[in-house]
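Subject: Structure handover

Hello,

Here is the structure for you to take over. Please open it first, then read my notes below.

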Amino acid sequence: MSRAQRGDVLALDLLLDELLPLVTGVCRRLAGPLWEDARQDALLVIFRKLQTLEQPEALVAWTATIARREALRHTRARRDEASFSEPPAAAPLTAVELHDVLATLPAAHCEVLLLRDLIGLNERETAALLGVPPGTIKS
């Protein structure tokens, strides 16, 4: 990672390849149909701000936070646009897949499930990343 922070293009490319599944997973689950745009924006932020990361051991949490922020930004933008148009049609019952189920949950619940089950953070780590008390994660 230090080589990537110093501008080594190959090291940066390898690092972004390693982070891509995490960023993709967060964005797919939180940004819905805009996940690709959210992922691209998250990767750009990571690329631009990597040199500012002072604790390399925090890379995964830092990356997840950026991906989460970008996904939610895209979700809010979509929600704002939707408020001026017709409400979305209900999903057909035959399309009950994990992605669709997660999309129906409030963002806060989806984030907890994503961070705990997909990324594998524990209660304390999840609470710290979301800025809530650990007891909130349990409920």
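This is a predicted model: local features need pLDDT of at least 70, side-chain atom pairs count only at pLDDT 80 or more; totals for chains, interfaces and linings use all residues.

The second largest pocket holds about 150 Å³ of space. Two elements give two or more residues to the lining, α6 (107-119) and α8 (134-138). Helix α6 gives the most, with four residues.

Some terms. On a 1 Å grid over the protein atoms alone, a pocket is an open set of points with protein on both sides within 12 Å along at least five of seven lines; a cavity is a set where a 1.4 Å probe fits but cannot get out; lining residues have an atom within 4 Å of a point. Grid points are joined across faces, edges and corners, and a volume is the space filled by probe spheres set on the points.

Residues are numbered from 1 along each chain as its sequence is written, and side-chain values use heavy atoms, with hydrogens and water left out.

Next, the cavity. There is one cavity of 30 Å³ or more. The largest cavity has about 30 Å³ of space. Its lining is V26, L30, A64, R68, E111, L114 and L115.

Now the overall build. The chain has eight helices and zero strands (DSSP runs numbered from the N terminus: H or I of at least four residues for helices, E of at least two for strands). Of the 139 residues, 35% are buried (under 20% relative accessible area; exposed is over 50%, partly exposed in between, with a 1.4 Å probe and protein chains only).

Helix α3 covers residues 35-49. At 1.5 Å a residue, its 15 residues should span 21 Å, and its end C-alpha atoms are 21 Å apart, which agrees (the expected span is 1.5 Å times one less than the number of residues). W35, A38, A42, L43, V45 and I46 are buried in α3. Down the axis, the buried residues of α3 fall within an arc of 160°, so they line one face of the helix (the arc is that of the directions from the helix axis to the C-beta atoms).

W35 has a further contact. The charged end of R28 sits over the ring of W35, 4.5 Å from its centre (NZ of Lys or CZ of Arg within 6 Å of the ring centre and within 35 degrees of the ring normal).

Helix α7 (residues 123-130) holds T126. T126, A127, L129 and L130 are buried there. They cover an arc of only 165° around the axis, which puts them on the same side of α7. R124 and A128 are exposed on the other side. T126 has a relative accessible area of 0%. Its C-alpha atom is 6.8 Å from that of R116, 10 residues apart along the chain.

Last, G25, in helix α2. G25 is buried, with a relative accessible area of 6%. The C-alpha atoms of G25 and I119 are separated by 8.6 Å, with the two residues 94 apart along the chain.

Over to you.
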